[in-house]
Amino acid sequence: MVLMDAPLVLGIETSCDETGIGIVRGRQLLSNTIASSMDEHARYGGVVPEVAARAHLEALQPSIDAALAEAGVTLDEIDAVAVTSGPGLAGALMVGVGAAKGLAVALDKPLYAVNHLVGHIAADILDAEAGELEYPTVALLVSGGHTSLLLVRDLTSDVELLGETMDDAAGEAFDKVARLLKLPYPGGPEIDRAAASGDPTAIRFPRGLSRASDMASHRYDFSFSGLKTAVARWVEQHEAAGQPVPVADVAASFREAVVDVLVTKALDACERYGVPRLLLGGGVIANKRLRDVALERAAAAGVAVRIPPLRLCTDNGAMIAALAAELIASGRRPSTLAFGADSTLPVTEIQVAEDPDAAAPGPLPARVGS
Amino acid sequence: MSHMWRFEVPSGSKKWDMHRHKWDEVPRPSAGGTGVGRPGYPGTVIIGIDSSLGTAVAAIARDGEVLADEQSENALGHAEVIGDLLSRALQAAPEPTHVAIGMGPGPFTGLRVGIATARAFALGRRIPLVPVPSHDGIALGILLRDALTGTETPRFAVVTDARRREFAYSVYDGIDDDGLPIRILDATLSPRDELDARLAELGAVRYDATGVSAAMIALAAARALDAGRALAGFEPLYLRSPDVVAAHAPKRVS
Ligand SMILES: [Zn+2]
């Protein structure tokens, strides 16, 4: 007998440069299709919003087709459509919102407009290998677009923002420092490669918002622009003195500064809130040094770390579908059709425009074998 | 094998009503029924969508009868309104056979919303898309209006805002045997202060459009279908490359 009692949800994610279409049945991942426009941004050294939005429009339909084929389902079988309403790049988000509405109206199916950041947390529940996600958990989300520290008491109803970056996202800092070191975009893997032979303690770069005086108001916030400037100054001074720049040491020391501040603040949050659980998410989790340091220091602090599979850490539609499936399971009503893209959607808004007049998803009916 | 998960639906006879956000007791009109109150329904019914200038959704029968004509007062906010407009148009025409889509030119962000919606809707319904230059829809409206009043339409240019101190314009001269505007110049950009001189040279009267009728987009599509013609490609008429500057050397900080 096939398990058919969980909702089949198609999720659409277009908040940055990845066009993600995901299909889940409840917590079961059926397809995670991603089309990236990263190559088109490489020559500009960063994500160009108009380039990203154009690429989303081109990629959407083929991505939906590919996702359906991979999942082995047809659109008629879809129970609900989910879409990222924000945060993200407004023009890019709007492509997904338009497509999601067109699809939901065409299929006469409920539409769930959800929060991208909370989606990153939901990615974890698609990991069939991992056990049940326990609450509360601290979540550290690090990507080219965001750096946020969250306290998750319940995925569908209670997510609190502890802190976020005041300027650049961590991934952006990697890109900018890579450019300083004349390394290509995207910077993360390049810095990693360069850092492999470097000494992370060679140069003591500053840890943003980590002084005692920052603890009162920015204890869990991040800042990477000062770090980037410090690296630039160090490199310039070296060049001015006619000395060769030790790229490996600079890369390793920079990466260590980023990793240190991320892990230190995340574990500080775990301790202060008495939460022995830390969930990592976002594309920068691909950075092995970050994972290694987090695992090592968390183990020492008695904190259990969860890391979803990397393909679910980068932006994707499966996490959006998974979050909607959880919302449905918890009885949340669908969204109205009257929502837009919200580039600064706060993380506390897990679902957007829930319709008070809509029928609630009923209790799951008894499964019927076939 | 039955699919057992659903939203509080005891039987399969209800459908999700996207407009009222409720399960609807009324089944969809069956093929050959009179769901929209006209004999022969469902014949060809075309949904028109345009978000190149405001947001508009319409539904017409192939003979041109307008079944629905929905538009937003708000010039911006395309993503916010398009779902409700589409849903309302579908109430009048629940089983469209084609989706006509205005491909621009127009401000990119808004334009893409309509195209994304139309493509996904067509995909969901497994019906074909019919791309139409948005200026063709405006031109058809002008030509039909003049025909109704018996006015001779001079050669004219449809002019829309293209931002960045530019206009987008297309030039038309009459209507052909297929009932479609004769486009003698495809959509082109012009600096705002040069446009009048260009139009004088072409001998075209200037028509500044402030909106696009989705019904006219659908009608142009109906006539193109009848004539077996394609009016536009499937890509948006951006007319401009993405505005980007290639990465330059990092700025000095000291
Ligand atoms: Zn993300």
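I began with chain A: of its contacts (heavy atoms within 4.5 Å) between residues at least 6 apart in sequence, 74% join residues at least 24 apart. I note that the model is predicted, that local features need pLDDT of at least 70, that side-chain atom pairs count only at pLDDT 80 or more, and that totals for chains, interfaces and linings use all residues. I also note that residues are numbered from 1 along each chain as its sequence is written, that chains are lettered from A and ligands numbered from 1 in the order in which they are written, and that side-chain values use heavy atoms, with hydrogens and water left out.

**Chain A, overall**

I looked up the secondary structure and found 12 helices and 11 strands in chain A; helices (H or I, at least four residues) and strands (E, at least two) are DSSP runs, numbered from the N terminus. The radius of gyration, taken over C-alpha atoms, is 21 Å for chain A, close to the 21 Å given by the globule rule for 370 residues, so the chain is as compact as a globular protein of that length. That rule is 2.2 Å times the number of residues to the power 0.38. I recorded a box of roughly 75 × 45 × 35 Å along the principal axes for the C-alpha atoms of chain A. I found that 62% of the 370 residues in chain A are buried. Here buried means under 20% relative accessible area, exposed over 50%, and partly exposed in between (1.4 Å probe, protein chains only).

**Zinc site**

I listed the protein donors of the zinc ion as His116(A), His120(A) and His146(A), each through NE2, and Asp315(A) through OD, at 2.1 to 2.3 Å from the ion. Donors are N, O and S atoms within 2.8 Å of the metal (3.2 Å for Na, K and Ca); water is not among the atoms, so sites may look incomplete. The spacing of the donor residues in sequence reads H-x3-H-x25-H-x168-D. Two of them join distant parts of the chain: His120(A) sits in helix α4 (residues 116–122) and His146(A) in the loop between β6 (137–142) and β7 (147–154), 26 residues apart. I checked burial and found both His120(A) and His146(A) buried.

I then looked at the geometry: the four donor atoms subtend angles of 89 to 157° at the zinc ion, which makes the arrangement irregular. By the criteria used, four donors are tetrahedral if all angles lie between 85 and 135 degrees; four count as square planar and six as octahedral if opposite donors are over 155 degrees apart and all others between 65 and 115; anything else is irregular.

**Backbone entries in chain A**

I looked at the loop between α5 (170–180) and α6 (187–195), where Pro186(A) is placed. The peptide bond from Tyr185(A) to Pro186(A) is cis, with omega near -5°. Lys182(A) also lies in the loop between α5 and α6, and its phi is near 60°, a positive value in a residue other than glycine. Lys182(A) is exposed, with a relative accessible area of 67%. I found a positive phi of about 60° at Ala353(A) as well, although this residue is not a glycine. Ala353(A) belongs to the segment after β11 (351–352) and is partly exposed at 27% relative accessible area.

**Chain B**

I counted five helices and 11 strands in chain B, and 53% of its 254 residues are buried. Strands β9 (residues 166–175) and β10 (residues 181–191) of chain B pair in the antiparallel sense over seven bridges; two strands pair if DSSP finds at least two bridges between them. Tyr172(B) has Arg183(B) as its bridge partner in β10(B). β9(B) and β10(B) form a hairpin with five residues between them, and Gly179(B) in the turn has a positive phi of about 80°.

I noted a cis peptide bond from Gly104(B) to Pro105(B), with omega near 10°. Pro105(B) lies in the loop between β6 (98–102) and α2 (108–125). Helix α2 of chain B holds Gly124(B), which is buried at 9% relative accessible area. Beyond its neighbours within four places in sequence, Gly124(B) contacts Leu75(A), Leu103(A), Ala106(A) and Leu107(A).

**Nonpolar cores**

The largest has 64 residues, and Leu10(A), Ile23(A) and Ile49(B) have the most contacts inside it. A second, separate core of 52 residues includes Val250(A), Ala252(A), Val263(A) and Leu278(A).

Definitions and conventions
A nonpolar core is a set of buried Ala, Val, Leu, Ile, Met, Phe, Trp, Tyr and Cys residues joined through side-chain atoms within 4.5 Å.
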